[in-house]
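Some notes on this model follow, as numbered points.

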Amino acid sequence: MIMMMNVLRVFSVNRSGFVLLLLLSTFLGKITSEPIDPDFKEPISNVTASVGREATLSCTVQDLGSYKVAWLRVDTQTILTIAKQVITKNYRIGVTHTDHRIWILHIREVRETDRGWYMCQINTDPMKSQVGYLDVTVPPDIVDFQTSTDMVVREGSNVTLKCAATGSPTPNITWRREDGQTILLGNGRKAQYVEGPLFEITKVNRLHMGSYLCIASNGVPPSVSKRITLIVHFPPMIWIQNQLVGAREGQQITLECHSEAYPKSINYWTMEKDEIVPQSGKYELSLEESEYKVQMKLTIRTITASDYGTYKCISRNSLGDTDGSIKLYRKSRKNSGNEILEGNQDMLKERDPDYDSSESSSTKCNFALITPVLLMVVYSHHHPQLQALHPA
């Protein structure tokens, strides 16, 4: 600059040097006013943000000078910001900078629609730009209208439970029993969980009954679940552990039956001539219920001669009715020990003088063949096909 002032002084006294002075000053003006060409220092890093959070994209430039930086949405060609000013009317957009070098685009309360490419642009001629991608993750959400609701099915039918979920990344679907028990898969196989949007059960049975959880997860918290209750309907069935019970007069005895049915059954006892056993001081009736299982107990206090005979435990629901029989007979005084004969072959073979001798020899033979294993008795007056059922 000092040298230039000296040059100007020299030419100021020389009229013929005016043109040269003019040319020199014009050339110097071009040199001093032309800025250094700006450029990007590093590429824009891609960003991933969850819905509802804030996302930031950074654009780093060097030698910006008097040029300006702008942010644009690529897919819609929308100008978001220019320098320090927000141009878009989207209140969630903001911009900050550090020493005019790092220009940061802020997107608050990120939505799934914000996913896409964003451009950082310098208004040079020609324009310079670079882009960065914003990925938006979305926690899973179960689609109710595409997901199964509580189901009621008949035992033996095939069942398919469905579960649909949205989210980004695509959620994984897992099925579990709400009670934590294992899931029956057929062929004797069991599993703690089943994966996939479809849960198929072939020939459903009462052991499948319960509540199942459809769980959707994709690594973005929180995971979500929906409860689907599977109800299995089946007609009643009864089994009796002791079909033949002996007791002496004056004693107390308890007869027991086990029933399974769903919908829940009506359960009661009858005596000889199908008279319903009353709930009275002499007779005590009790039920212990657990899901679809019922334990029926009939306690007879102070047995008299009129109490001997056949008792039936009866179970009824909307799909049918079943009964099981228990024979209560007068026990010989010389017999001691258990009040209930639990299928003991020797005790059954022993001749009891007080026992009704009118029964045929074939009947006595059948009683003698009873073994200590669990005896299955299924009677059906209206549904003969129930005789083929076996306990679960």
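1. Beyond its neighbours within four places in sequence, T124 is in contact (heavy atoms within 4.5 Å) with D37, P38 and Y67. T124 sits in the loop between β9 and β10; strands are DSSP runs of E, at least two residues long, and helices are runs of H or I, at least four, numbered from the N terminus. T124 counts as buried because its relative accessibility is 9%, where buried means under 20% relative accessible area, exposed over 50% and partly exposed in between, with a 1.4 Å probe and protein chains only.

2. On the basis of the model: it is predicted, so local features need pLDDT of at least 70 and side-chain atom pairs count only at pLDDT 80 or more, while totals for chains, interfaces and linings use all residues. Residues are numbered from 1 along each chain as its sequence is written, and side-chain values use heavy atoms, with hydrogens and water left out.

3. How many disulfides are there by the sulfur-distance rule? With a disulfide taken as a pair of cysteine sulfur atoms within 2.5 Å, the count is three. Numbering the bonded cysteines in sequence order gives the pairing 1-2, 3-4, 5-6.

4. C59 and C120 are joined with their sulfur atoms 2.0 Å apart. C59 belongs to strand β3 and C120 to strand β9, so this pair ties together parts 61 residues apart in sequence. The link of C59 and C120 is left-handed, with -80° about the S-S bond, and both C59 and C120 are buried.

5. For C163 and C214, the sulfur atoms are 1.6 Å apart. C163 is in the loop between β12 (159–162) and β13 (165–168) and C214 is in strand β19 (residues 210–217), so the pair ties together parts 51 residues apart in sequence. The torsion about the S-S bond of C163 and C214 is about -50°, so this disulfide is left-handed too. C163 counts as buried at 4% relative accessibility, and C214 at 0%.

6. C257 and C313 form a disulfide with an S to S distance of 1.9 Å. C257 lies in strand β22 (residues 253–262) and C313 in strand β26 (residues 309–317), 56 residues apart. Its torsion is about -75°, so the disulfide of C257 and C313 is left-handed. Both C257 and C313 are buried.
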